[in-house]
Amino acid sequence: MDVSIIGSGYVGTTVAACLADDGHDVVNVDIDEEIVAAINEGHSPIHEPGLDDLLAEHAGGRLRATTDYAAVRETDVTFLAVGTPSRDDGSIDTGVVEAATQSLGEQLGAKDDDHLVVVKSTVVPGTTDELVIPALEAALGEPVGESVHVAVNPEFLQMGSAVENFRTPQKIVFGVDDGDQWALDRLHELYAGVVEAADPAVVETGLREGEMIKYANNAFLASKVSLINDIGNVCKEFDVDAYEVADAIGLDDRIGERFLRSGLGWGGSCFPKDVAAIIAAAEGAGYEPPMLTAAVEVNDRQPERLLDLLADHTDLDGARVAVLGLSFKPGTDDVRGSRAIPVVEGLRERGATVVAYDPVATGKFREKHPDVDIEFADSAAAALDGADACAVVTDWDEFAALDAEFDSMASPVVVDGRHVVERREGITYEGLTW
């Protein structure tokens, strides 16, 4: 199929490259000329394992990028994959979605063939009905469902494994208006290669249900992490190994073993934003969700607990503290919602000098937080050299291999927020929840 994708961020670029690899002809539409140029040159605008290889293989062939919205007229399907940033109250800002929809509608009004518009952006229930469809109809001058059809197809991509997630999904969700078989058929045709190769569950549902499934998915996973962290905090008080407890309860198939690594908490571009958004949407509808609110509260407390453990062993005022890890998780350079941010800010508030190291995210951290007063090291060993304490924030594999590097510390105090450093003689070691 001929596919256009509005937006070339993390989701749009990954989906474009994977669909091109699956045999579709894809064009990315983005207003950022630098991103468009990078894609056309076969370079990924984001750090994601496997993505550079796909772009290098397909750019200039089945995949191209442009700033011209007119490109959508030559395609059968258009994905809306633009950002929905958080407002101060946690609700999502749909301004970019609305603007992209209006521009898309203006182009589709000049097209004769039927066209499918797929909302890939993460939007709260009702957004497609109340914003996307009216904006399209205003631009088209006709009701949606005649020549232009609309569907919701939420993404379930995890940073660091997004390419693999697209290729081997556990589920694919198709949300359409009742009776729109044409839209369903196009979605099945588009994903036929993925379904044949991976045999995922294919969920056919309504527009609002499709929107909500994404939020429910992330809210449940975030809550599971907060619950195991709270259990881990209790374990710490009783000198119980939280990881042995987690291994045992994970054997219960009602619980499952995944997302049971207690520690510093969740971050990134999805969990914090999506949980805040669905809380704000629920409150706007008249319901205050106590479980989700509690999940956020537990998550927000974990960095403070790490700082307290550091303070138990080190006078932080004037101390030099190494922070290992700036990305919110290994395998990505994304620092949005990273637990390193409150840790670094808390250390600076307590008078510490901070020297930080991350394998790939230093540049992004500098860009997103230019006013944070810290030093950056070019290796873990350099960050640890002469440090009075160390906080492990991201569970990169190279941190698990550290050993003799801790001997160069002025005082070998290690507070491990991710259960990656091996306890040994000569290190004062504290796990966050164990």
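This is a predicted model: local features need pLDDT of at least 70, side-chain atom pairs count only at pLDDT 80 or more; totals for chains, interfaces and linings use all residues.
Two strands count as paired if DSSP finds at least two bridges between them. With that in mind, here are some notes on the structure.

1. Residues are numbered from 1 along each chain as its sequence is written, and side-chain values use heavy atoms, with hydrogens and water left out.

2. A parallel pair. Ala 322 has Val 355 in β10 as its bridge partner. The strands concerned are β9 (residues 320-324) and β10 (residues 353-357), which pair in the parallel sense over five bridges. Helices (H or I, at least four residues) and strands (E, at least two) are DSSP runs, numbered from the N terminus.

3. The sheet around that pair. Six strands form an open sheet with parallel pairing, in the order β11-β10-β9-β12-β13-β14. The edges belong to β11 (375-376) and β14 (428-431); each has a single partner strand, so one side of each is left without a neighbour in the sheet. Helix α12 (residues 290-313) packs on the sheet and touches β12 (389-392), β13 (413-416) and β14, its direction making about 160 degrees with that of β12. Contact here means heavy atoms within 4.5 Å; axes are lines fitted to C-alpha atoms, for helices over the stretch in contact, and angles run from 0 to 180 degrees between N-to-C directions.

4. Over residues 322-423 the chain is 25% helix and 18% strand, with the end C-alpha atoms 18 Å apart.

5. A covered strand. Five of the five residues of β6 (residues 148-152) are buried (under 20% relative accessible area, with exposed over 50% and partly exposed in between, using a 1.4 Å probe and protein chains only). On one side sit Val 148, Val 150 and Val 152, on the other His 149 and Ala 151, and both faces are covered. Strand β5 (residues 115-119) pairs with β6 in the parallel sense over five bridges, and Val 118 has Ala 151 as its bridge partner in β6. From β5 the chain crosses through helix α5 (residues 127-140) to β6 in a right-handed β-α-β crossover (clockwise from the first strand over the helix to the second, with the strands pointing away from the viewer). Strand β7 (residues 171-176) pairs with β6 in the antiparallel sense over two bridges.

6. Aromatic pairs. The whole structure holds seven of them (ring centres of Phe, Tyr or Trp, the last by its six-membered ring, within 6.5 Å; planes under 30 degrees apart are stacked, over 60 edge-to-face and the rest tilted). The rings of Phe 166 and Tyr 191 have centres 6.1 Å apart and planes at 35 degrees, so this pair is tilted. Phe 166 is buried at 7% relative accessibility, and Tyr 191 is buried at 4%. Tyr 357 and Phe 399 make an edge-to-face pair, 6.1 Å centre to centre with 65 degrees between the planes. Both Tyr 357 and Phe 399 are buried.

7. The annotated active site. An unreviewed UniProt entry marks Cys 270 as "active site". Cys 270 sits in the loop between α10 (242-249) and α11 (271-284). Apart from neighbours within four places in sequence, Cys 270 is in contact with Glu 155, Lys 214, Asn 218 and Val 275.

Terms used: UniProt positions are given in the numbering used here, feature names are shortened, and annotations may be inferred rather than shown by experiment.
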